[in-house]
Amino acid sequence: MRFTSIVAAALAVVPSALAANFAVNVGQGNTFAFNPTSITGAVAGDTITFTFMSRNHSATTTTFTTPCPPPAGGVPGGFDTGFLSATGTTQPQAVVTLASGNTQWVACRQAGGAHCRMGMTFAVNPTAEQTYEQFLANARG
Ligand SMILES: *[C@@H]1O[C@H](CO)[C@@H](O)[C@H](O)[C@H]1NC(C)=O
Ligand SMILES: [Cu+2]
């Protein structure tokens, strides 16, 4: 009887175990940065939870070669959290569900790209050919 209960409990968690969530902090410690700066192994259906910890930022998809500023709404097939502002003890969150495991380049589009040019960038599934480090260098111009 006890064993049966354990099996039933294990089966119940299977659906949620299929999708991973990646937690990403935005503006942690009042910095112009995403933490971590990249994630790998993300697949369709996975989620990214962005927690906006200071100031007023966005997480917006952009291009590898010309990151700053990211376009409003993000690139086609991408995403844009819109501007989210941390006030006092409130740290808003945005949850993005990935439509694919494709590589995506992300930056903050605040202040006409000024935060982006300071290096406020993030990558989903960067590759050996297109690395996060090169994307960051492109953003800093
Ligand atoms: C956040 O930034 C956007 C874009 O600059 C601005 O329109 C909005 O008013 C700001 N929000 C707050 C709460 O300051
Ligand atoms: Cu910003």
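The following questions and answers concern a predicted model of a protein with its ligands.

Reader: Is Cys 108 buried or exposed?

Author: A residue counts as buried when its relative accessible area is under 20%. Cys 108 has 0% relative accessibility, so Cys 108 is buried.

Reader: Is His 115 buried or exposed?

Author: The cut-off for a buried residue is again under 20% relative accessible area. His 115 has a relative accessible area of 9%, and therefore His 115 is buried.

Reader: Which residues does the disulfide join?

Author: A disulfide is a covalent bond between the sulfur atoms of two cysteines. The structure holds 1 disulfide, with an S to S distance of 1.9 Å. One partner lies in the loop between β6 (60-62) and β7 (84-85), and the other in helix α3 (residues 114-117), 48 residues apart.

Reader: Is the link of Cys 68 and Cys 116 left-handed or right-handed?

Author: The handedness is given with the angle about the S-S bond. That angle is -75°, and the link is left-handed.

Reader: Which residues surround ligand 1?

Author: By class, the shell has 1 nonpolar, 3 polar and no charged residues. A polar side-chain atom of Asn 56 lies 2.5 Å from an oxygen atom of ligand 1, and one of Gln 110 lies 2.6 Å from an oxygen atom of ligand 1. The surrounding residues are Asn 56, Phe 83, Ser 85 and Gln 110.

Note on methods. Residues numbered from 1 in each chain as written. Chains lettered and ligands numbered in written order. Predicted model: local features only at pLDDT ≥ 70, side-chain atom pairs only at ≥ 80, totals over all residues. Heavy atoms only, no water. Near = heavy atom within 4 Å. Polar contact = N/O pair within 3.5 Å; in protein donor to acceptor, adjacent residues only side chain to side chain. Nonpolar A, V, L, I, M, F, W, Y, C, P; charged D, E, K, R; others polar. Buried < 20%, exposed > 50% of the residue type's maximum accessible area, 1.4 Å probe, protein only. Disulfide = S-S within 2.5 Å. Helix = DSSP H or I, 4+ residues; strand = E, 2+ residues; numbered from the N terminus.
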